[in-house]
Amino acid sequence: MRRTAVVTAGTGGIGLETALGLAAAGLAVTVVGRDAERGARAVERINATAPAHPARFLAADLASLDAVRALADRITADGPLTVLVNNVGAMFPDRRDSVDGIEATFAVNHLSPYLLTELLLPALRAGAPSRVVNVTSGATALAKRVFDAVEPPGGYYGFHWYGRAKLANLAYALDLAARLDDTGVSVFAADPGGAATGMTDGTMRDPSIVSPGLRLLWPLVRRKFERSTSGPASVAARSSVFAATDDSLAGRTGVVIGPGVRPVAAYRPAADPRVAEAVRRLSERLAPAVAG
Ligand SMILES: NC(=O)c1ccc[n+]([C@@H]2O[C@H](COP(=O)([O-])OP(=O)(O)OC[C@H]3O[C@@H](n4cnc5c(N)ncnc54)[C@H](OP(=O)(O)O)[C@@H]3O)[C@@H](O)[C@H]2O)c1
């Protein structure tokens, strides 16, 4: 059977490097992004290095739930799916809403991958043994762990809200792994560590992105951030490629692959059933995986 993969935000940064790794492993890769020119360049690059299974680009703004639904329909129409890498992620210096009127950090980092995954489950089941990989982040450790509403209490601090959305996405991955046990669909999370990409370039220039407490330590925080995000995206992509393809993970699920490209313990709050339940309730309410 032809093995297929979808990488969201796969036309640049860590996603493109992930797509290159999956193509080299013999998968026919679909990369998703907004910009058609960037998409064409990505496909060209993938096909130049791994021409055996031609790649393709699908355009979708993953900040829009309608766009996610249309993307899922398009992918489902192609038949079984072997790998879904939920790589899209974004951090915003100022609070903003998505086109659906939902706070954008939560919409892009959690609701969009949540909805895409739920809608692609039939294709993933048909493609089993298949894998879902959610790209996570060390920023989860600085997150508020309350999920009774989209926005946490207190002020907007982009880095912490990003970490909280990533925490929701990690909790969802672990919850989904348990839900899909014995279906042949495995669910992993992959932490890329850090890399110099469009996302990290510029987001930590202003101390307002972190909480007032951390602002007091701003020079230290900024230096640490710059150091940890100075490496190449090709290295950061290894955890996702490993999670999506490595034989040592066959038959396993609910595993987190760390920046060192090996299984690590899941960040404990993400495995808390109360967090999982609150995330599930919020996600089902805001992004129902059924029509209407
Ligand atoms: N970089 C790091 O240090 C780091 C650390 C920890 C975790 N991560 C995680 O790793 C993943 C990749 O991060 P990255 O640094 O590679 O990000 P990035 O450089 O911002 O990613 C660029 C890619 O994202 C696409 N993209 C952005 N917004 C999109 C949207 N709304 N809809 C569709 N595509 C969109 C871009 O395509 P278009 O411009 O064509 O839309 C492009 O393909 C994210 O989940 C991030 O949270 C990154």
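Helices (H or I, at least four residues) and strands (E, at least two) are DSSP runs, numbered from the N terminus. Residue numbers start from 1 along each chain as its sequence is written. This is a predicted model, in which local features need pLDDT of at least 70, side-chain atom pairs count only at pLDDT 80 or more, and totals for chains, interfaces and linings use all residues; side-chain values use heavy atoms, with hydrogens and water left out.

**Overall form**

The protein has ten helices and eight strands. Along the principal axes, the C-alpha atoms fill a box of roughly 55 × 40 × 35 Å. Of the 292 residues, 53% count as buried (buried means under 20% relative accessible area, exposed over 50%, partly exposed in between; 1.4 Å probe, protein chains only). Contact means heavy atoms within 4.5 Å; among contacts with a separation of 6 or more, 72% join residues 24 or more positions apart.

**His110**

His110 belongs to helix α4, residues 104-126. The residue counts as buried because its relative accessible area is 0%. A polar contact is a pair of N or O atoms within 3.5 Å; within protein, one must be able to donate a hydrogen and the other to accept it, and residues adjacent in sequence count only if both atoms are side-chain atoms. The side chain of His110 makes such a contact with the side chain of Ser283 at 2.8 Å, and reaches the backbone nitrogen of Asn169 at 3.5 Å. Leaving aside residues up to four places away in sequence, His110 touches residues including Ala165, Tyr172 and Val279.

**The loop between β1 and α1**

Thr11 sits in the loop between β1 (4-8) and α1 (13-24), and Ala9 is found in the loop between β1 and α1. Beyond four places in sequence, the residues that Thr11 touches include Val31, Arg38 and Phe57.

**Backbone geometry**

Most residues other than glycine have a negative phi, and most peptide bonds are trans. Ala9 has a positive phi of about 50°, and Asp182 has one of about 70°. Asp182 lies in the loop between α5 (158-179) and β6 (185-190). The peptide bond from Ala128 to Pro129 is cis, with omega near 5°; Pro129 is in the loop between α4 and β5 (130-135).

| Residue | Relative accessible area | Class |
|---|---|---|
| Thr11 | 9% | buried |
| Ala9 | 23% | partly exposed |
| Asp182 | 78% | exposed |
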